[in-house]
Amino acid sequence: HREVTFTSVEFEKPYIAFKENSILDPDTTYKTKEDFSIHVQEIALHSARIEYWDSAFCKLKSEVRSDIHIKNMALNWSVGNPMKFSFDAIAMDSSRIELPQKFYSLFVREAKMDLIKGSLDIDSFKITPHYNKIAFGRKKGFEVDRIEGLIPFLKFSGLKFKHQDTLLVNANRASLQMFLKIFRDKRLPFKKIEKPLPVQFLQSLTFGLNIDTLHISKSYVEYEEYAEEATMAGKVFFDDLQADIYNINNDV
């Protein structure tokens, strides 16, 4: 039946690389002549290293290092279609994400997604820029927001994924807490970058999104700006920030 099933599989220090489509590196999943599938009840990737490359310019776009555990994973190949990947639950511990082109390092202590229970829990998500406030903008070459801080938790309940013409993500409730500091040096050259409003941003997403309620727990957000002719930076902050936002969606 061209189907292979494993009860348990473990990999020690696996290295996995993904590349954007390129005329030099065609997608080999289309070469499969017959349907084929692999099912694994439990799979563990210890000290995994996963990279995503820009094949056109041979540049590393992102790198993830993590311990990953997946339950009921399935890989399916079928004639004329790209590979399909599915799972029931995934857990990632001590994940470090490098974004060299964006000048950021991200660290997540623990992340768990259970599609059977419809839950997603992210614990301690830290954002660290590669350079200090002044050097960050100079490395970019134009004025840009520099973000640093910590999101202690981000939780989704009633989470469901549906595949129709596109991916639809539904959640009954989402809650988060954040402590963020944003800095911008306006003495640098201005580069016109369109910043969509929240509604426009939601509509620009490549997937459908619907969240009944978003709860923001006691949070802190700070914005600091160095004006073009100022002798020192100015700052505004929002302390004890709490909010409930309802009916977040990008339905047209």
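Guide: Let us begin with a charge and a ring. K155 lies over the face of F153, at 5.7 Å from the ring centre. A charge sits over a ring if NZ of Lys or CZ of Arg is within 6 Å of the ring centre and within 35 degrees of the ring normal. The charged end of K140 likewise sits over the ring of F103, 5.1 Å from its centre.

Visitor: On what basis are such values given?

Guide: This is a predicted model, in which local features need pLDDT of at least 70 and side-chain atom pairs count only at pLDDT 80 or more, while totals for chains, interfaces and linings use all residues. Residues are numbered from 1 along each chain as its sequence is written, and side-chain values use heavy atoms, with hydrogens and water left out.

Visitor: How is a pair of aromatic rings described?

Guide: It is described by the distance of the centres and the angle of the planes. Rings of Phe, Tyr and Trp (its six-membered ring) pair if their centres lie within 6.5 Å; planes under 30 degrees apart count as stacked, over 60 as edge-to-face and the rest as tilted. By this rule the count is 6 aromatic pairs. The ring centres of F85 and F87 are 5.7 Å apart and their planes stand at 45 degrees, so this pair is tilted.

Visitor: Is F87 buried or exposed?

Guide: F87 counts as buried, at 18% relative accessibility. Buried means under 20% relative accessible area, exposed over 50%, and partly exposed in between (1.4 Å probe, protein chains only). F85, at 45%, counts as partly exposed.
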